[in-house]
Amino acid sequence: MTASGAVWVYAERHGDAFRPVSLEILGHARSLADALGTKLVALTVGADDGPARELARYSVDEVVAVEDPLLVRYDTKLYTDLLENTLRPSDPAVLLIGATRDGQDLAGRLAVRLRTGLTAHVTSLEVDAEKRLVGWVPGFGGGIEAGVVCPERRPAIVTVRPGVFPLPSPTTSPAEVRIERPSLDATAFGSRRLSFEPKGLSVDLTRSEVLVVGGRGTEGDFTRLQRLAHCIGAEVGATRVATDSGWVERERMIGQTGVVTHPKVVVILGASGAVQFTVGIEKAGFVIAVNRDPDAPIFEAADLGIVGDLGPIVDRLVDQLGEA
Ligand SMILES: Cc1cc2nc3c(=O)[nH]c(=O)nc-3n(C[C@H](O)[C@H](O)[C@H](O)COP(=O)(O)OP(=O)(O)OC[C@H]3O[C@@H](n4cnc5c(N)ncnc54)[C@H](O)[C@@H]3O)c2cc1C
C-alpha cells in the first residue's frame, strides 16, 4: 500500500486521453510533494490500464489505476465510492483535482465523505514556511486573493482551475503502476444513461498564444475584432459583459469565472480592467490595451497602452497588417 501522507493527483480521463488540467496539476505537484517531503501519486479511473501507463511517465512516484470494463463514463456515486475506497486506507495529505465539471462534482462529494476541507477553484498553490499547502483563490468578488489552508483534516482537497500551470512533458523513466480491480456490475452506478450527445468546446483559450479580447467598448461589434485576430493569427476572447450580452460564446470569457489564459501577446479592446477580468490575463507575456478613458484601470495591467476610440484604431491596424 502507498505510504500515508502523500500528495495525490486525480487524473481525469476523457476517453483514452487525460484532461489537460490533470497533467498541468501533475507537473506542478512534483514540486509541492518535494517541498512537503513526501511522495507524489497519480490516481486514475477507467476501463483499461493503457492511459495509466502513460501517466507513469509524468515524474510521479506511483500510479494507482482503478480499472473495470464498465468504467467508461463518469458517475457521481460510483466514482465517489471508488475514490473513497482507494483513498481511505492510503491516507493522503493532499488530493488535487482539476476544476472541470466532473472534477468539481467529485471533489465536493469526496470532501463530505472524507469529512475534510475543500478549497475550490484555486489559481495558485504553494507550500508555506510551516509546510502547509496553501491554495490561493480570488475572494470577495475578486477584490482580494485569499490563501486557504486545511490544517486539521486530511486529505486537503483542492480543485485547480484549468490553464494556471503549464503542461509538463513526459519523462523517460516510468513509475510503478498499481491496478485495483473493483469488479462492478450495473447496480454500482447511481445513474443510467438514456442517450448521450457530446458537446465539444468550440475553443480552448487556455492554449492560445495570441489573443484579441473585446469588452463592452466594442458595443458588440466582434466582426471587427475577428478581422484583427485573423491578421495576427489570434483567438478571440471577451469580458463577461461581452459574453453575458451574447456577443460571443461563454467559452470565450476570460477571468475569475471564465478561463485563465497565458498567451504570449494579448490585445485588449474596450475593457475597463476589472480585477475579475485581469486575473485571467495576468500571466500573459505582453499586454496591449486600447481604451478611450486614460484613467481606465486596464492600463495598470498593460505593457503598452493606447488611449483612443478602438474602432478607427483596429481598422487602421487591420489595413496596415493586411497590406503587410
Ligand atoms: C463574482 C464576480 C465574478 C466576475 N467574473 C468575471 C470574469 O470572469 N470575467 C470578466 O470579464 N468579468 C467578470 N466579472 C465582471 C467584472 O467585474 C466587470 O464588470 C467586467 O469585467 C467589465 O467588463 P468590461 O470591461 O467589458 O466593461 P466595462 O467595465 O463597462 O468597461 C468598458 C470599457 O470600455 C471603454 N470603452 C467604451 N467605448 C470605447 C471605445 N469606443 N473605444 C475604446 N474604449 C472604449 C470604457 O472606457 C470602459 O473602460 C465578475 C464580477 C463578479 C462580481
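This is a predicted model: local features need pLDDT of at least 70, side-chain atom pairs count only at pLDDT 80 or more; totals for chains, interfaces and linings use all residues.
Mentor: A cavity, on a 1 Å grid over the protein atoms alone, is a set of points where a 1.4 Å probe fits but cannot get out, whereas a pocket is an open set with protein on both sides within 12 Å along at least five of seven lines; lining residues have an atom within 4 Å of a point. Grid points are joined across faces, edges and corners, and a volume is the space filled by probe spheres set on the points.

Trainee: How much space lies in the largest cavity, and which residues line it?

Mentor: The largest cavity holds about 40 Å³ of space. Its lining consists of T119, L133, G135, V148, V149, C150, A156 and V158. Helices (H or I, at least four residues) and strands (E, at least two) are DSSP runs, numbered from the N terminus. Strand 9 (133-139) and strand 11 (156-160) each contribute at least two residues to this lining.

Trainee: How do the residues of that lining divide by class?

Mentor: Ala, Val, Leu, Ile, Met, Phe, Trp, Tyr, Cys and Pro count as nonpolar, Asp, Glu, Lys and Arg as charged, and the others, Gly among them, as polar. In the lining of the largest cavity, six residues are nonpolar, two are polar and none is charged.

Trainee: What is the volume of the second largest pocket, and which residues lie nearest its centre?

Mentor: The volume of the second largest pocket is about 600 Å³. Of the 30 residues in its lining, R216, G217, G270, A271 and S272 lie nearest the centre. At least two lining residues come from each of helix 6 (240-244), helix 7 (275-278), strand 16 and helix 8 (310-323). The lining of this pocket comprises nine nonpolar, 14 polar and seven charged residues.

Trainee: Which residues are closest to the ligand?

Mentor: A residue is near a molecule or strand if one of its heavy atoms lies within 4 Å of it. The ligand is surrounded by 24 residues, and the closest are R216, T239, T257, S272 and N291.

Trainee: Which backbone atoms lie 2.8 Å or 2.9 Å from atoms of the ligand?

Mentor: A polar contact is a pair of N or O atoms within 3.5 Å; within protein, one must be able to donate a hydrogen and the other to accept it, and residues adjacent in sequence count only if both atoms are side-chain atoms. A nitrogen atom of the ligand lies 2.8 Å from a backbone N or O atom of I254. For Q256, a polar backbone atom is 2.9 Å from an oxygen atom of the ligand, and for L310, a polar backbone atom is 2.9 Å from a nitrogen atom of the ligand.

Trainee: Is N291 buried or exposed?

Mentor: Buried means under 20% relative accessible area, exposed over 50%, and partly exposed in between (1.4 Å probe, protein chains only). N291 counts as buried because its relative accessible area is 10%. It belongs to strand 16 (residues 286-291). A polar atom of the N291 side chain lies 2.8 Å from the backbone nitrogen of D293. Contact means heavy atoms within 4.5 Å; beyond four places in sequence, N291 touches residues including A271, S272 and F299.

Trainee: Where does E67 lie, and what does its side chain contact?

Mentor: E67 is in strand 5 (residues 62-67) and is buried, at a relative accessible area of 13%. Its side chain makes a polar contact of 2.9 Å with the side chain of R181.

Trainee: What is to be noted about the backbone at P155, D91 and K131?

Mentor: Most residues other than glycine have a negative phi, and most peptide bonds are trans. Here R154 and P155 are joined by a cis peptide bond, with omega about 5°. D91, which is not a glycine, has a positive phi of about 50°; D91 is partly exposed, at 28% relative accessibility. K131, also not a glycine, has a positive phi of about 60°; K131 is exposed, with a relative accessible area of 52%.

How values were computed:
Residues are numbered from 1 along each chain as its sequence is written. Side-chain values use heavy atoms; hydrogens and water are left out.
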